[in-house]
Amino acid sequence: MKKIVFTKYSNDRADCFSIRTDIWQDEDGSRVVQKTPMHPQAHAHLENLRRWKERLDEVYREYGYVLNQGRNLEDGGVELEYVQGEMLEERLDSLLDGGQPEEAAQELKDFVETARRPAQGHPFVPTDSFREVFGEADLPEGMESMAVTDIDLICSNVILGEPRTVIDYEWCFDFPVPVSYLVYRILHYYIHTKGSRAVLEGFDLFSWAGIAPEEILVYEKMEQSFQRYINRAHVPLHEVFGEFAAGKLRLNEMLERERYHVSNETLQVFYDRGFGYSAADSYRLSMEHGSIETVIDIPSDVQGIRLDPGMEPGVCCLKKLNFVCEGGREIPAKFTANGVRAEADAVYFAQEDPQLLIQEIKPGAAELQISLRIYQADSFVVEKLLYKTREQAVIREKYRRQIRDMEDTKVWKAYRAYRRMVERKK
């Protein structure tokens, strides 16, 4: 007898995309995945899956990737094979947890190269269909695209094996989409969605992929437009629940809030002694109004240090983060974060549980000096601040390039020589 072992309702979308996903299991343990439309308007969305599978198989089969098999059901839904195996996301996490960030970065690069290879020689041209989904995008000329693009070809939707299997390919488009946007989503949804992956920030993978800071701003806007396209006039329940919910407090919720409050008033220090970070090898230091100035010991067997200043999103201003070596010599500590270091002395955290990671301990360092303050803020506010900061950085770089170009002209060089001659005569 079949039974459902998992159900997920994707009903926070517009009716034409609203579906339910079930995993059914037989008595022998075999499983299948069924996707069912929640509204008649969503039939077309699921019927497209078969077409997308055929198109994507043509694109990626020669690179060692296939799409999981499926069939249409009489109720307008689809049944897909349940593919077992390690996800690419899990493989990358395992490498990071095992202290192999270089290997993780290289595997992520290999995946990006495969994902974008079919776009070679296919120019991107914006269409009305593109603008309907992704809005007006100010993109540079000469970008490439594919005949069909699965923009959700991210690490959590790839099962490792021979061949590798792509699952959950709902979001495909057969009009031109910049392949760099797909690359942005691959990197963004892996690196920026879990604190332990922040070490990959040090590999500057967006620059490696040829994505300039001004392009990231464009892709962020495209992502917002895509989410609006999915939701349309529909307002997700979680966004309005607080307006109508009755004023109830449960004991477990009160306890969790109190623990959360205590966590927000402390800096938690984690040590990595070669086995990764764990709460068992950590301790807390009190912060006053989000500020702390302290010195912590660095035991000789410690290979890495993680600092968690509170639990809320916000902006962390770093006054000092220095190793203290023999003779009192201070050396700035290099670190990565699960936020964005938009300025030399500030890190923007648009998610909960901000983390600063020091993966390289200087030889002879016995202590770490810490002086910081975190200004907690709503994640929406931080995202807006971060966007404006990036926007200003792009504008500043544009003007710097213009000044450099001007200084390289014959007219400017002649003027500079004239000014030097005038100064000598004074």
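What we have here is a predicted model, and its chain has 426 residues, of which 42% are buried. The secondary structure of the chain comes to 11 helices and 21 strands. If we take the contacts between residues at least 6 apart in sequence, 68% of them join residues at least 24 apart. The chain exposes about 23,900 Å², and carbon and sulfur atoms supply 50% of that area.

Let me turn to helix α2, which runs over residues 88–97, and in which L88, E89, L92, D93, L95 and L96 are buried. Seen down the axis of α2, these buried residues fall within an arc of 160°, so they line one face of the helix. As a general point, an α-helix has 3.6 residues a turn, so residues three or four places apart point the same way. And what covers the buried residues of α2? The cover includes helices α3 (101–116) and α5 (179–191), together with strands β8 (158–159) and β9 (164–166). After α2 comes G99, which has a positive phi, near 70°.

The pocket holds about 1,100 Å³ of space, and of its 35 lining residues, K8, R13, D152, N157 and D168 lie nearest the centre. By class, the lining has 16 nonpolar, nine polar and 10 charged residues.

How values were computed: Residues are numbered from 1 along each chain as its sequence is written. This is a predicted model: local features need pLDDT of at least 70, side-chain atom pairs count only at pLDDT 80 or more; totals for chains, interfaces and linings use all residues. Side-chain values use heavy atoms; hydrogens and water are left out. Buried means under 20% relative accessible area, exposed over 50%, partly exposed in between (1.4 Å probe, protein chains only). Helices (H or I, at least four residues) and strands (E, at least two) are DSSP runs, numbered from the N terminus. The arc is that of the directions from the helix axis to the C-beta atoms. Contact means heavy atoms within 4.5 Å. Accessible areas come from the Shrake-Rupley method with a 1.4 Å probe; for residues, only the protein chains shown count as cover. On a 1 Å grid over the protein atoms alone, a cavity is a set of points where a 1.4 Å probe fits but cannot get out, and a pocket is an open set with protein on both sides within 12 Å along at least five of seven lines; lining residues have an atom within 4 Å of a point. Grid points are joined across faces, edges and corners, and a volume is the space filled by probe spheres set on the points. Ala, Val, Leu, Ile, Met, Phe, Trp, Tyr, Cys and Pro count as nonpolar, Asp, Glu, Lys and Arg as charged, and the others, Gly among them, as polar.
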